[in-house]
Amino acid sequence: MKTTRVIIVAVGGQGNLLASRVLGEAALIADVPVRMSEIHGMAQRGGVVESSIVFGDSESTIISDGEADVLVGFEPSETLRAVNKCNSKTIVITNLSPLVPFTVSIGKGVYPDLDVLQKLIQEKAANLIAFNATTLAREAGNVMAVNMVLLGALIQTKTLPLSSDHVKEAIRTRTKKDFVQINVTAFDLGYSAAQAVSKTENA
Amino acid sequence: MHKLLQDHPGQKILLLGNESIARGAIEAGVAVATTYPGTPSSEISMNFFQVAQESDLYFEYSTNEKVALEVAAAAANTGVRSMCVMKHVGVNVAADPLLTLAYIGVKAGLVLLTADDPYMFSSQNEQDNRYYGKLAGLPVIEPSSVEEAKEMVPYAFDLSETLGEPVIMRTTTRINHSTGPVVLGKIKKINSKGNYTKDPFNQVPIPAVARKLHKRLLDNLEKAEKIAENSPHNFIIGTGAWGIVCNGVSYNYVRDAVRDLGIKTESKILRIGFSHPLPLRLIKDFLKGCEKVLVVEEGEPFMEETLKAFAQEEGLTLKINGKGEGLFTRLYEFNPGQVRQSIATYYGIDYTPKALLDLSDIPEIPQRPPNLCPGCSHRATYHEVKMAAKGMETIYPTDIGCYTLGILPPLSMADFLLCMGSSVGTSCGFSKTTDKKVIAFIGDSTFFHSGISGLVNAVFNNHNFTLVILDNGTTAMTGHQPNPGVDMNILNLSRYGRVSIEAVVRGIGVSHVTTIKPYKVKKSIEAIREALNYNGVSVVIAEEICVLYAKQLKIAKGKPFEVTGKCKNHRNCLNEIACPAFYIRNDQVKIDPDLCTGCAVCAQICPENAILPIKAK
């Protein structure tokens, strides 16, 4: 089976690990081989959380620079920071709602301009799907559902050996009962948003 | 029911490496588990802690790794299967009992799990603990995957019982923090009642006994070597002449590389999962069929050096390489691309790696270092110490915990650190050889772990420094584990005692002891100033529950503050405290109400009194 390598980057607290977990469970449901790895040291202290999910025939759980097939960023500057994981064929999906690092708040560093950021990624990767996932999460009923919105977008790209149904099934069985409805709505909103973005690009 | 207790053999579930290890122990019928928490091992014991609430497993958070191993060693010597879990540097602390436990041996299985941390994702060094196997004369086993980790734990228990020796199981972060599908096995019934028969001339290593026991250990090591020869965890794949020897996660990268490079027929892989003692015969036979050999192992050239020695014994002259120019390094962790490249280079395979993107036009992206949480009381204490020490030339020995993040500007309150508890011992040295004011910081859990003996030393030898104990009522850094100072009633757990830090400090004989509430800025500064002016050993205990923990327990009470129109932009708040709840909008400091915990520390240092609670609307 073909190997598909996905990197998810986020800021601690954005739900990266749950998103990865849902993908893993969906793979188990779909009977697709899956291996994952995460670096979450001090996530709760505002650091970066990176996870890698490898589908198909691979023993490795981590992904080398330039070898990700898909990069999903829950925060735009973190997406840009992780571009070293991409190659010219990588699909990049990013939230456009910044979480400004504290270093910028205290005047040590400048947050990248969002238009420049998108242009840079577009030039380098095969495809960029960028939209405000935070707004959609709020629309779904909880700002914490950013992770599910982006999963929706990820599945829409059809780069993974998983269907919407697999992922929704995983959401239903593996996320907290009280949030299932919001999470599924968020997933659908992300799916449609990615569809809309690709349509505009093709037009 | 806890998910690791489900009794559905054959079912496939997704587990984190650390969950898989805990499940392996449960399947092996572990009856006693002990630990001192440390990343990347912490989730193993967190799961034991939870499982123990609903099963016959006895689990404890011990005060440090040495004690944890001693508890487990005794339990195992009463015939009860025991496991002791720690991060790699924890084994340094446990090394003293470990090396003699190897002489004494065990009556039931004892597995010492060491979680090594190549690349130092959350550690102060990347020591390779396979050497503890060599040093202690104990077997070492190492899994390559999440699933194998579960399989290896029962194997380790059986091996330990066959040899009558503790077994070291060594993982790395990429096993502990990887996730994969695991097939559940049968759960063995727990036998938690031990039986002790006196046998002092085998269990009290006075010299005459120890001389006998050392010989016994060497005999056991020979037995272990024979077992390693036929262990299912040492195996060969392929029949080619290009030899590759690997262990741990490197095995996965090698498997992928061999497939990607299309060298299945040319190559022959020896995967070592039982890495001490190394299987002499198996390796010699392997080497004989190879043109040359590449050793792929993270960390030190542990296998490489032994392989070279074996080859020499056999009179083999084939090239054996691993660490070296153009191949592998002893630094950090490996990755699949790097292993693929090194194999291609070594065997002269035509291979062009995926072109890396040109990233030269990417602007500098602002760093996002982990930071003390909004409202963290350590930030307040650091500010107060700084104020109290104004005008003094200071040295700030620090210790291991969240508060090590005080190294970051603008706090910059960390100067020197070696290991758990070193803040106290090093303060003794600094205060002896300099005239600077030495002010050390240590957390509550770390104080219990290994700060106490340093403090006893300080009182006895009459040193001169101030120790600030940052007591936030939990072991915060590793995920809020209990420690001896914690009120366990908060968790509705009743079988625990509680040790008062202040009583310990006074009992040691420190005569100047003050307890402060760090959210009260002025009072705290005054109290600290007094402590700093004291000639001799003084201790300040800063008491405030970890803000993150309080939130989790739903006992956080603070209401958010805001910067009002009275602000004249002095920015003392931002420049001195730098709480992550601050941000700047239109050149004015603002407070994010979602992040503010209402600690009111910034409000107390604002010269205009411009920071006030948000009025209820």
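In the predicted model, B:Asp128 has a relative accessible area of 8% and is therefore buried, the cut-off for that class being under 20%. B:Asp128 is placed in the loop between strand E5 (110-116) and helix H5 (130-136) of chain B. The side chain of B:Asp128 forms a salt bridge with that of B:Arg170, with an N to O distance of 3.4 Å. Because B:Arg170 belongs to strand E7 (residues 167-172) of chain B, this pair ties together parts that lie 42 residues apart in sequence. B:Arg170 also counts as buried, at 5% relative accessibility. The pair is part of one network, in which salt bridges with shared partners join B:Asp116, B:Asp128, B:Arg130, B:Glu142, B:Arg170 and B:Glu297.

Over all chains, the whole structure contains 41 salt bridges. One of them is formed by the side chains of A:Glu75 and B:Arg368, at 3.3 Å from N to O.

Since A:Lys168 is in helix H7 (residues 164-174) and A:Asp188 in helix H8 (residues 180-202), both of chain A, the pair ties together parts 20 residues apart in sequence. A:Lys168 has a relative accessible area of 16% and is buried, whereas A:Asp188, at 32% relative accessibility, counts as partly exposed.

A polar contact between the chains is made by A:Ser37, whose side chain meets the side chain of B:Arg174 at 2.8 Å. A:Ser37 is located in strand E2 (residues 34-39) of chain A and is buried, with 2% relative accessibility. When neighbours within four places in sequence are left aside, A:Ser37 contacts A:Glu50, A:Ser51, A:Ser52, A:Thr61 and A:Ile62 in chain A, and B:Arg174, B:His177 and B:Ser178 in chain B.

Chain A comprises 8 helices and 6 strands. In order from the N terminus, its elements are β-α-β-β-β-α-β-α-α-β-α-α-α-α. The radius of gyration of chain A is 16 Å, close to the 17 Å given by the globule rule for 203 residues, so chain A is as compact as a globular protein of that length. Along the principal axes, its C-alpha atoms fill a box of roughly 50 × 45 × 35 Å. Of the 203 residues in this chain, 63% count as buried. The accessible surface of chain A is about 7,700 Å², with 52% belonging to carbon and sulfur atoms. Of the contacts in chain A between residues at least 6 apart in sequence, 64% join residues at least 24 apart.

The largest nonpolar core has 80 residues, of which B:Leu455 and B:Leu467 touch the most other members. Helix H18 (residues 521-533) of chain B supplies the largest share of this core, 6 residues. Apart from this core lies another, of 69 residues, which includes B:Leu163, B:Val167, B:Ile175 and B:Tyr253. Residues up to four places away in sequence not being counted, B:Leu467 touches B:Ser423, B:Val424, B:Ala440, B:Ile442, B:Phe447, B:Leu455, B:Ser538, B:Val539 and B:Val540.

Technical notes:
Residues numbered from 1 in each chain as written. Chains lettered and ligands numbered in written order. Predicted model: local features only at pLDDT ≥ 70, side-chain atom pairs only at ≥ 80, totals over all residues. Heavy atoms only, no water. Helix = DSSP H or I, 4+ residues; strand = E, 2+ residues; numbered from the N terminus. Buried < 20%, exposed > 50% of the residue type's maximum accessible area, 1.4 Å probe, protein only. Polar contact = N/O pair within 3.5 Å; in protein donor to acceptor, adjacent residues only side chain to side chain. Contact = heavy atoms within 4.5 Å. Core = buried A, V, L, I, M, F, W, Y, C linked by side-chain atoms within 4.5 Å. Rg over C-alpha atoms; globule rule 2.2 N^0.38 Å. Areas by Shrake-Rupley, 256 points an atom, 1.4 Å probe, with all protein chains shown as cover. Salt bridge = Lys/Arg side-chain N within 4 Å of Asp/Glu carboxyl O.
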